[in-house]
Amino acid sequence: GQIVPWLGDRWGALPLPPLRQPQLLVGLRGRPPQYAAGISSLFVRERTGAWTFLPGGLSSPQAAWQPADNVAWIAGTQGNLLRMTDRAVTSVRSGTTGFIVAVHGAAEDDGWLVSTRPASVRHWDGTQWVDPPVAPPPVVNVGGRTYGISTGEPRTLWAVARGDFWIGYREGVVLHFDGMRWTAEELPGAGFLYTIEGNDAGELW
């Protein structure tokens, strides 16, 4: 296999390291070091262009977030998190034992993650992962029905501003935290919801 980077005017090609089931690529804004993660395997690519195996990879990497040029996160099962910089890779306690399905934030000191089995929302304050200032409700009423947040299946998370983010659930339910309170909506015709993404203009898709 190979990695196909966009070079500004054409597509290039990089050899893929010997990953077991490639899952994620973190580029630190496209400059070395770059990290590639697979099942129980993690490789780093330095300025020489060679890939080097790193011990301590995640058993099943699921999500990545890059809040700054030289900082990136990879999240996996059992609450496992790796924080990567241009100097080191460290394991960080998330405070949950769940399956982390999404991690995103508005700044280096304002990150959020959501997990399932068990359901959990955690906040990165720049030093550690802690509980959110207001716990999400265990159940919500949307579209004339009761939906169990604590038993639902979160699929995605997107932060739009500091302390302001959305969580999307598989069944098309979205949960919004504005820094003070939680609200829920059911997306019309969403069906199976895979992801939420936004832009600097505040638009969400």
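How many bridges join strand β12 to strand β13, and in which sense do the two run? Five bridges join β12 (residues 110–116) to β13 (residues 120–124), and the two strands run antiparallel. Here strands are DSSP runs of E with at least two residues, numbered from the N terminus, and two strands pair if DSSP finds at least two bridges between them. The structure is a predicted model, in which local features need pLDDT of at least 70 and side-chain atom pairs count only at pLDDT 80 or more, while totals for chains, interfaces and linings use all residues. Residues are numbered from 1 along each chain as its sequence is written, and side-chain values use heavy atoms, with hydrogens and water left out.

This pairing belongs to an open sheet of four strands in the order β11-β12-β13-β14, with antiparallel pairing. Its edge strands are β11 (99–107) and β14 (129–130), each of which pairs on one side only. Strands of a sheet pair through backbone hydrogen bonds, either parallel or antiparallel. Between β11 and β12 there are seven bridges in the antiparallel sense, and these two strands form a hairpin with two residues between them. Seven of the nine residues of β11 are buried, where buried means under 20% relative accessible area, exposed over 50%, and partly exposed in between (1.4 Å probe, protein chains only).

The loop between β10 (89–93) and β11 contains S94. Because its relative accessibility is 2%, S94 counts as buried. Its side chain reaches the backbone oxygen of T96 at 3.2 Å. Not counting residues up to four places away in sequence, S94 touches G79, L81, I100, L113, R122 and W129; contact means heavy atoms within 4.5 Å.

L42 counts as buried because its relative accessible area is 2%. Leaving aside neighbours within four places in sequence, its contacts include Y35, F53, L54, I74, L82 and V89. L42 and P18 are 24 residues apart in sequence and 9.6 Å apart in space, C-alpha to C-alpha.

Technical notes. A polar contact is a pair of N or O atoms within 3.5 Å; within protein, one must be able to donate a hydrogen and the other to accept it, and residues adjacent in sequence count only if both atoms are side-chain atoms.
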